[in-house]
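Please read them with the coordinates open.

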Amino acid sequence: MTTWRGWLLNPAPTSRRQAQLGGWFRAWLAFRRNTLGMAGLFIVLLLITIAVAAPLIADPATALTQTLEDRLQPFSWAHPFGTDELGRDIMARMMFGARITLTIVILVSLIVVPIGLAIGLPAGYFGGWIDAVLMRVTDIFLAFPRLILALAFAAALGPGIENAVIAIALTAWPPYARLARAETMTRRSSEFIQAAELQGASHLRIIATQIVPLCLPSVIIRLTLDMAGIILTAAGLGFLGLGAQPPSPEWGAMVSTGRAVLLDHWWVATLPGIAIFITSLGFNLLGDGLRDVASGRG
Amino acid sequence: MLFSVILTFLGLTAVTFVIGRFMPLDPVLTIVGDKASTEVYDRVYRELGLDQPVVVQYLTYLGKLVRFEFGTSVMTARPVMEDLVRVFPATMELAGLALVIGVLIGVPMGVIAATNRGRIVDQIVRFLSLLGYSMPVFWLGLVGLLLFYAKLGWVEGPGRLDVAFDDIVPTVTGLIMVDALLVGETEVFFNALGHLILPASILGYLSLAYIARMTRSFMLEQLEQEYILAAFAKGLSPWRVVWVHALGNVWVQLVTVIALTFGSLLEGAVLTETVFAWPGLGLYMKNSLFAADLNAVLGGTVLIGTIYIFLNMLSDIIYSLVDPRAREPS
Amino acid sequence: MMDMPLLRVRNLSVTYPSDDGDFRAVRNVSFTLGRERLGIVGESGSGKSTTGRAIMGLARHPARVQADELLLGDIDLRRQTERQLRRLRGKRMAMVLQDPKYSLDPVMSVGQQVAETHRTHLNSSKAEAKAAALDMLNAVHIRDPERVYAMYPHQVSGGMGQRIMIAMMLIAGPELLIADEPTSALDVTVQSQVLSIMDELVRSRGMGLILISHNLHLVSSFCDRVLVMYAGQIVEVCDAGRLADAQHPYTRGLLAALPELGHRRRDLPQLQRDPAWMDDIITPLETRMPPPGA
């Protein structure tokens with residue numbers, strides 16, 4: 001029987017690749033049974049699709065052009081989510097806002113994971129004073145309140161999405177350093193590591209090829225769960241006016257401008273907030289689902 | 001442990017120092033204006049100590065901090081420290097009540113969910129928790145105001161007190177409700193309560209979401225332990241086994257969670273106070289931000305950061321007091 | 001001796017349902033216990049601990065417990081509500097667990113935990129319960145009970161902890177004691193101390209004891225009768241003194257594998273397992289042999 005499924009689930013794999021792919025496939029099957037996790041996955045995929053396809057679905061003009069005759073329209077066929085105080089279509093703006101959210105998610109991940117690994121791996125691997133120093137640094141950053149620090153940054157450097165990303169990333173990396181360190185310390189004295197050392201592999205090679213792949217699953221799970229919080233923090237910064245600047249359709253900023261017309265035109269502020277909520281929820285569900293599968297309680 | 005606390009504090013102040021000193025805005029120019037002559041510029045430059053080596057500048061800064069000299073606020077023209085003392089109680093009132101709600105409701109919720117694992121009650125608790133920590137607090141605040149204030153009229157609106165009641169009650173503790181009770185002004189008390197209840201409930205909901213989730217998780221862990229089986233073997237009622245033995249062991253870990261929650265309540269205060277026009281530390285910092293009042297922003301940052309650090313230290317201390325295993329063996 | 005047996009078990013089965021088919025942890029176990037010491041020996045997974053817990057009504061969820069008879073004296077344990085079982089646990093039947101480091105509440109003083117059993121079943125006041133607890137601590141040969149009363153589980157040694165556990169479980173005066181691996185977590189030197197205290201209490205109170213262990217030697221030297229369990233079933237029943245005459249190949253294999261002082265052998269024989277031992281025994285043993293004292 002040489003169907004893909006059969007090949008992947010073969011209890012006696014004949015190649016390393018088959019074993020690895022088989023492992024991933026089994027994890028996927030377990031994950032599929034987790035309804036809430038699947039719902040989370042769906043939401044995240046939806047976010048990505050909307051973000052990528054935004055220019056195709058919605059006309060960018062409607063998102064950015066101010067048509068003052070059309071301002072503050074409730075739901076209609078022309079504007080399914082209504083229009084905001086400057087006559088811009090809210091649905092289109094929300095879709096383009098998804099791009100901003102996705103960008104923040106990706107940028108923060110790209111900064112946080114390498115830094116976390118770069119600090120945690122050597123700390124766990126070499127131990128001793130390297131560990132002590134790196135962990136002190138980690139602890140210091142761990143004690144910083146994220147939003148407040150972002151505020152301080154914005155005060156000094158000016159508002160803008162890049163500064164927001166930097167501020168968030170600077171306070172978000174410590175847990176990954178801790179995670180990487182813990183995983184490394186557990187594996188450090190494993191026999192397969194010792195075998196690699198005996199074979200003459202350099203420290204760097206060992207860390208890169210053996211330890212990093214083992215850390216990745218917990219890092220990914222942690223990242224997914226953190227994403228939910230990061231999205232909320234970023235939205236909060238946007239709400240305060242510190243994130244992407246107008247006329248950028250950042251969700252938090254949209255909620256903020258909608259405040260002024262909240263009483264009579266509730267949709268302007270409420271709908272973007274729902275988008276933030278659902279996105280954060282999606283990442284939480286996905287992260288919970290991944291974690292359940294990883295700990296075998298799928 | 002004290003060493004690490006001090007080190008962390010130094011780290012925090014180093015960051016605020018760096019932000020304050022090396023920001024794009026020239027601190028001399030803000031004082032002398034850009035039309036000043038070179039001599040005036042140089043004089044002020046030296047007066048501000050900017051010609052000293054960086055390390056010395058940092059130490060001077062640190063010295064000022066520990067004497068509570070945070071500089072003067074551009075916005076209020078008063079010492080930042082004075083401003084902080086004025087606004088902090090409002091934030092404490094809000095965060096404090098929210099934390100109380102979070103603990104009083106969140107812990108039992110978590111226990112009940114854990115003891116009914118898999119059943120409806122558990123699903124409901126998990127669902128409510130999940131909603132709670134996926135929600136943006138500022139959005140929930142707006143929706144809350146819209147619904148409970150604008151449409152239903154069940155609570156008072158933004159602000160801490162109706163304007164009519166301003167300055168009736170003398171400030172003793174800074175907590176309006178307490179001060180009102182002290183002088184017997186019940187009308188003021190109820191008005192203040194009406195203003196406090198919505199933001200406190202919203203923040204309370206967000207706290208209880210996290211606390212319930214963590215309590216559930218800790219409880220599930222404890223219920224697997226051998227001593228629980230032994231307790232049942234003794235013939236103890238499930239009530240006692242869960243609420244006295246299991247929960248007793250959970251409290252130890254819960255302390256850290258509660259400290260963390262309080263920290264994040266302070267953080268979130270910036271957003272909540274903006275939405276509710278609550279005159280606390282958060283609103284102060286936001287206004288300072290937009291007034292480019294760096295002293296005030298950094299002052300608030302140092303204050304909140306220090307409280308954060310202090311909370312961590314406090315939870316370590318409480319942990320060692322509550323858990324008999326952490327105390328010295330007799 | 002025509003007094004009623006303390007415990008009558010007939011065809012006790014414990015099954016764990018699962019996606020891959022039910023797992024039968026205990027199959028058709030039958031035995032009768034009088035005021036004697038009965039040992040249940042088996043390796044891990046033989047079902048010996050599960051049997052003990054099923055009798056107490058503490059089999060781990062989602063176990064399904066069935067029996068033709070499960071009588072504690074004249075009380076039908078199968079028909080008891082959970083509330084009624086609770087009143088029996090600690091008062092009529094008790095269980096001592098393996099490791100006091102884990103089976104005592106880490107954040108409560110040991111004395112309070114002992115007193116707790118007394119208060120629960122005898123409705124005593126705090127002072128009465130404390131006095132009873134101190135007495136009990138004395139009874140398990142703990143010197144300076146006042147000082148030990150206030151200590152926490154992590155502060156006492158293994159042997160002392162186990163004695164405290166015994167005190168905690170016996171203070172309300174049960175007639176049946178199930179001891180699940182009571183000495184397995186202890187140093188060899190301490191084991192016999194704890195066992196002799198258990199022995200003393202069981203004898204002086206006229207109790208029945210079920211000692212569950214993987215240690216055949218221990219069980220045969222301490223108990224009057226021995227049940228050997230394998231894969232959920234009883235495969236051998238005999239008096240402790242007559243173990244050498246054991247019939248079942250598994251028991252013989254276990255005996256042969258025991259090292260003995262004074263008996264030199266080059267290699268200890270390895271136990272050869274016969275898959276046929278897993279099959280259901282048609283006529284479970286105890287129902288074949290007459291109960292003691294009949």
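How many helices and how many strands does chain A have? Chain A has 13 helices and zero strands, where helices (H or I, at least four residues) and strands (E, at least two) are DSSP runs numbered from the N terminus.

1. On conventions, this is a predicted model, in which local features need pLDDT of at least 70 and side-chain atom pairs count only at pLDDT 80 or more, while totals for chains, interfaces and linings use all residues. Residues are numbered from 1 along each chain as its sequence is written, and chains are lettered from A and ligands numbered from 1 in the order in which they are written.

2. Chain A, read from the N terminus, runs α-α-α-α-α-α-α-α-α-α-α-α-α, and its C-alpha atoms fill a box of roughly 75 × 55 × 30 Å along the principal axes. Of its 298 residues, 44% count as buried; a residue is buried if 20 or more other C-beta atoms lie within 10 Å of its own, exposed if 12 or fewer, and partly exposed in between, with C-beta atoms placed from the backbone. Among the contacts in chain A with a separation of 6 or more, 67% are accounted for by residues 24 or more positions apart, a contact being a pair of residues whose C-beta atoms, placed from the backbone, lie within 7 Å.

3. Chain B likewise has 13 helices and zero strands, and its C-alpha trace spans about 85 × 55 × 40 Å along its principal axes. Of the 330 residues of chain B, 44% count as buried, and residues 24 or more positions apart account for 70% of its contacts with a separation of 6 or more.

4. As to how the chains meet, among the two pairs of chains that touch, chains A and B have the most contacts, with 36 residues from chain A and 36 residues from chain B taking part. On the side of chain A that touches chain B, the elements giving two or more residues are helix 6 (128–142), helix 7 (146–157), helix 11 (203–240) and helix 13 (267–294) of chain A, and helix 7 of chain A supplies the largest share, 11 residues. By class, this side of chain A has 27 nonpolar, five polar and four charged residues; here Ala, Val, Leu, Ile, Met, Phe, Trp, Tyr, Cys and Pro count as nonpolar, Asp, Glu, Lys and Arg as charged, and the others, Gly among them, as polar.

5. Chain B also touches chain C, with 19 residues of chain B in contact with 27 residues of chain C. On the chain B side, helix 10 (226–233) and helix 11 (238–276) of chain B give two or more residues, and helix 10 of chain B gives the most, with six residues. This side of chain B divides into eight nonpolar, seven polar and four charged residues. No contact joins chain A and chain C, and their closest C-alpha atoms lie 14 Å apart.

6. Within chain A, the axes of helix 11 and helix 13 of chain A come within 9 Å and cross at roughly 165° (axes are lines fitted to C-alpha atoms, for helices over the stretch in contact, and angles run from 0 to 180 degrees between N-to-C directions). Helix 11 of chain A and helix 13 of chain A are therefore roughly antiparallel to each other, given that angles under 35 degrees count as roughly parallel, over 145 as roughly antiparallel, 65 to 115 as roughly perpendicular and the rest as oblique. The residues making this contact include Ile221(A) and Ile231(A) of helix 11 of chain A and Phe283(A) and Leu290(A) of helix 13 of chain A, and by class the contact has 13 nonpolar, five polar and one charged residues.

7. Helix 11 of chain A also packs against helix 12 (residues 251–258) of chain A, at an angle of about 40° and with the axes 6 Å apart, which makes helix 11 of chain A oblique to helix 12 of chain A. Among the residues in this contact are Leu237(A) of helix 11 of chain A and Trp251(A) of helix 12 of chain A.

8. Arg325(B) counts as partly exposed because it has 13 C-beta neighbours inside 10 Å. Leaving aside neighbours within four places in sequence, Arg325(B) is in contact with Pro106(C) and His154(C).
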